[in-house]
Amino acid sequence: MLNLFFPKKTTVIVGLEIGTAKVAAVVGEVTDGGGVNVIGIGQCPSRGVRKGEVVNAEHAAEDVRNAIVEAEKSADVEIASVYLGVTGGHLTSLNTHGVFTSVSLDHEISQQDVNEVLANAKVFNRPSENYVLHSVRQHFTVNGQAGIVDPIGMLGENLEVDMHVIHGVTTRLQNHMRVVAGLNLEVEQTVFSGLCSALALLDNEQKHIGALVVDIGAGTTEYVIYAEGVIKHTGVIAVGGDHVTNDLSYGLRMAPARAALLMREHGAATLDGVADQTLTLTSENGFPDRRVDLHDLRRIMVARLEETFQLIDSEIGELGFHDQLRAGVCLCGGGARIRGIEKLAENVFGLPATLGRANAVGGLRSASDDPELATAVGLVKYGAMRQKGNQSTGLVGKIKGFAGSLGLF
Amino acid sequence: MTSTETNSTVAPARKQLTIKVFGVGGCGGNVVSQIHRMGFGGVQMIVLNTDSQALAQCPLPYKFNLGLTLNGGLGAGGDPERGRAAAQEDEARLRELCTGADMVFICAGLGGGTGTGAGPVLARVAKECGALALAFVTLPFDCEGARRMRQARLGLEEFKAAADGVICLPNQKVFKLIDENTSVIETFTTTNELLAQGVRGIWQLVTRPGFINLDFADLCAVVRDRHSESSFANAEAVGPHRAKEVVEKLFANPLLDGGAALGEADALLVSLMGGPSLTMAEVNRVMDQINRQCENAHLIMGAAIEEALGDRLTVTLVASRRPSHAADLPQAADVEKAEPAPAARGGSDFDTLGSAMVAKPVARSAAASPALEKVAVAVAESDAVGAAPVVATRTWRSRKKAKAVHPELGLETVTTGPFQHSEPTRHNGVNLDVPTFVRRGMPMN
């Protein structure tokens, strides 16, 4: 009960992901050393979401409530606010470039100059109904010298900055927030799910030598490219595990629920050693029902997963990121549970692929081991990073950060 | 008729093509002024308005005040009926203006009085004078109110019945081109510029001889009978990667809904124009990308060399989608009921029914100049059989025609299963919701 009177709002961080397959809430706390410990998890199967977007607010609200209640019980805290993960096929990302010529006499770059150049980079042509979810700075260039992280105090006039901007249709983003707000929970910030997964999975070294994170969810597949310590590219494809299930259900002519079960039991992303094997399915009554060619099942799965990877691969190929991904590919999300998926990813991308583990946090082992929880864990990590930033910048910084998150500047 | 034949017979006559650009109403006047500012030699530009004050502000030499006795030069007051009456009053004068023109572009903003009412009358008169009439119209912003939108829709139907082709720019789409800080003036300048670009692009496309030629018949094949959904875009790029960039710019164009319009288009006209350095590989690259976007469309392409372009490459694209007839037909019927159709429009009234099309070009070619007859014959050919035959007679395009004939299989709705009711996931025009093994044609045991 103590928690009711002294809600640990400042130290407890909750990440909430309203996914297509499940709603996950992860509660974390910031330790004295600045690390993050997961202290509670709540999950609930999701019914009101399709392709990562809320289509039935009533069902979604109920599922979120269940997940939050479970998380509260498990962590023994009162949850008042959450960091919310969002995704969807409508999200678009692009890299922008800002230029600013400083006019100060001493040629020293000040905070004000940096603010100006950042503001310039945020001006780009986007549809008026879109909302900027993130604008992440990449690197500054001072008088032609590229790759500068913090230009304040350096000498120079021509300041340039590269930014990565993610934006999406405002109304579709608000659907998620409405669901959460309806439960009297405060949304601290909405964060792109793919970004969170990358935060949870990658350590600093991987971010520097370059890595691709692919989060294969039920409704959508997100991917994020980190290189030189910054986000280089992000994207969403509205194809996920549900599509694999649907393909199977269509190809093998069975109900989706049964196809999903079959995929979990016999599915794999490889064709090795399945030639001429058949499975005998039993009906509800326990009698032998029909036979399914295992080879067909695998081929359907491989075709879909391979295509999804190929779409991502051609995208990063076009942008020329292949050489920069020296740490390889990190897989997470429910799709990462499919057997042999890392082999398939290795073949398609031509890079070493691993199943990602959420190494960035401590606490409950089940949280960091579960590839499906990567996004929610990443949200906690994101929240911790933001709070740390806010504490150091003080009140003014907080207001600025808040206004910035609303896209005012 | 092969493409070389078109070149040799029509090319000498091309130089004598007389083109007139009419701006009807306030918006039309602005667009024509814009075209004038952009420098557009060789055509006569005429501004028509019922409002003498607006007319006085227009910098162009050729102006005409419609319905001076009827409205006293005070405008049509947003009433299409008065606009129409004014135009009918001065029909003799309009006929005079249109006489001798081979091609008439009509620019108008729909929703008001003059553009909506007088525009279709002008289109009809122009056609009766033997000219090919092509209308460029805007639909009002949503915020201008439902009444204006309704008037505009009715006006559009009338335009479709009266003109040979209608290219329509819904202003609402321009919102995607502007940001929060764009002023009202700039916004309207943007729409005017877009229309002006449209006129200019089409004009170049039809008049300039190219090494892969396009003529008015090609244009007609694309816009005719589909016009309510015709959209237009152009893009320009410079540098070594211009072929790639120009396609990217084109697909990013909000007027094409970020490339989505291409996937849904069923007829497409693409015109490439570049300096002498334009390579076949570049043409190939651009067309390859566009082809991939719209596999089912009836595609017509042209390429031309323009010395003045230097190392720039411009692509002009007109995409048409067949209107959903269920939605359009009753509306069209309403128009016919609401006011008695002018006598001369009798032939084209059947337009929406898809029959009696042959009557149209025949009537026109009787009045047309000999040079024009070639074009008119091409139209007649295509009219007689349907949408594709212009292409069918040209050997090098026959491959594309084969694509055009394939209708989309009804299979798709069956196979998307649970995703049927959600937004389809499209990538390069492919619906990813359809199982991969179906799309790849993998046989199952």
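Q: What makes a residue exposed or buried?
A: A residue is buried if 20 or more other C-beta atoms lie within 10 Å of its own, and exposed if 12 or fewer do. The model here is predicted.

Q: Why is His107(A) called exposed?
A: His107(A) has 12 other C-beta atoms within 10 Å. The cut-off for exposed is 12 or fewer, so His107(A) is exposed.

Q: Where does His107(A) lie, and what is its phi?
A: His107(A) is in the loop between strand S7 (92–101) and helix H3 (111–121) of chain A. Its phi is positive, about 60°, although His107(A) is not a glycine.

Q: How do you know whether Asn184(A) is buried or exposed?
A: Count its neighbours: Asn184(A) has 7 C-beta neighbours inside 10 Å. Exposed requires 12 or fewer, so Asn184(A) counts as exposed. Asn184(A) sits in the loop between helix H4 (170–181) and strand S11 (186–192) of chain A. Phi of Asn184(A) is also positive, near 60°, in a residue other than glycine.

Q: Why is strand S2 of chain A described as largely enclosed by the rest of the structure?
A: Strand S2 covers residues 22–30 of chain A, and seven of its nine residues are buried, so S2(A) is largely enclosed.

Q: How do you know that S1(A) and S2(A) pair?
A: Pairing needs at least two bridges between the strands. Strand S1 (residues 12–18) of chain A and S2(A) have seven bridges, in the antiparallel sense, so they pair. In one of these contacts between strands, Glu17(A) has Ala24(A) of S2(A) as its bridge partner. S1(A) and S2(A) form a hairpin, with three residues between them.

Q: What makes S2(A) and S3(A) a pair as well?
A: Nine bridges join S2(A) to strand S3 (residues 36–45) of chain A, and the two run antiparallel. At least two bridges are required, so S2(A) and S3(A) pair. Val26(A) has Ile41(A) in S3(A) as its bridge partner. This hairpin has five residues between its strands, and Gly34(A) in the turn has a positive phi of about 95°.

Q: Which residues make up the contact between chain A and chain B, and what kinds are they on the side of chain A?
A: The contact takes 24 residues from chain A and 21 residues from chain B. Helix H7 (241–251) and helix H9 (294–319) of chain A each supply at least two residues of the side of chain A. The largest share, seven residues, comes from H9(A). The side of chain A divides into nine nonpolar, six polar and nine charged residues.

Definitions and conventions
Residues numbered from 1 in each chain as written. Chains lettered and ligands numbered in written order. Predicted model: local features only at pLDDT ≥ 70, side-chain atom pairs only at ≥ 80, totals over all residues. Contact = placed C-beta atoms within 7 Å. Helix = DSSP H or I, 4+ residues; strand = E, 2+ residues; numbered from the N terminus. Nonpolar A, V, L, I, M, F, W, Y, C, P; charged D, E, K, R; others polar.
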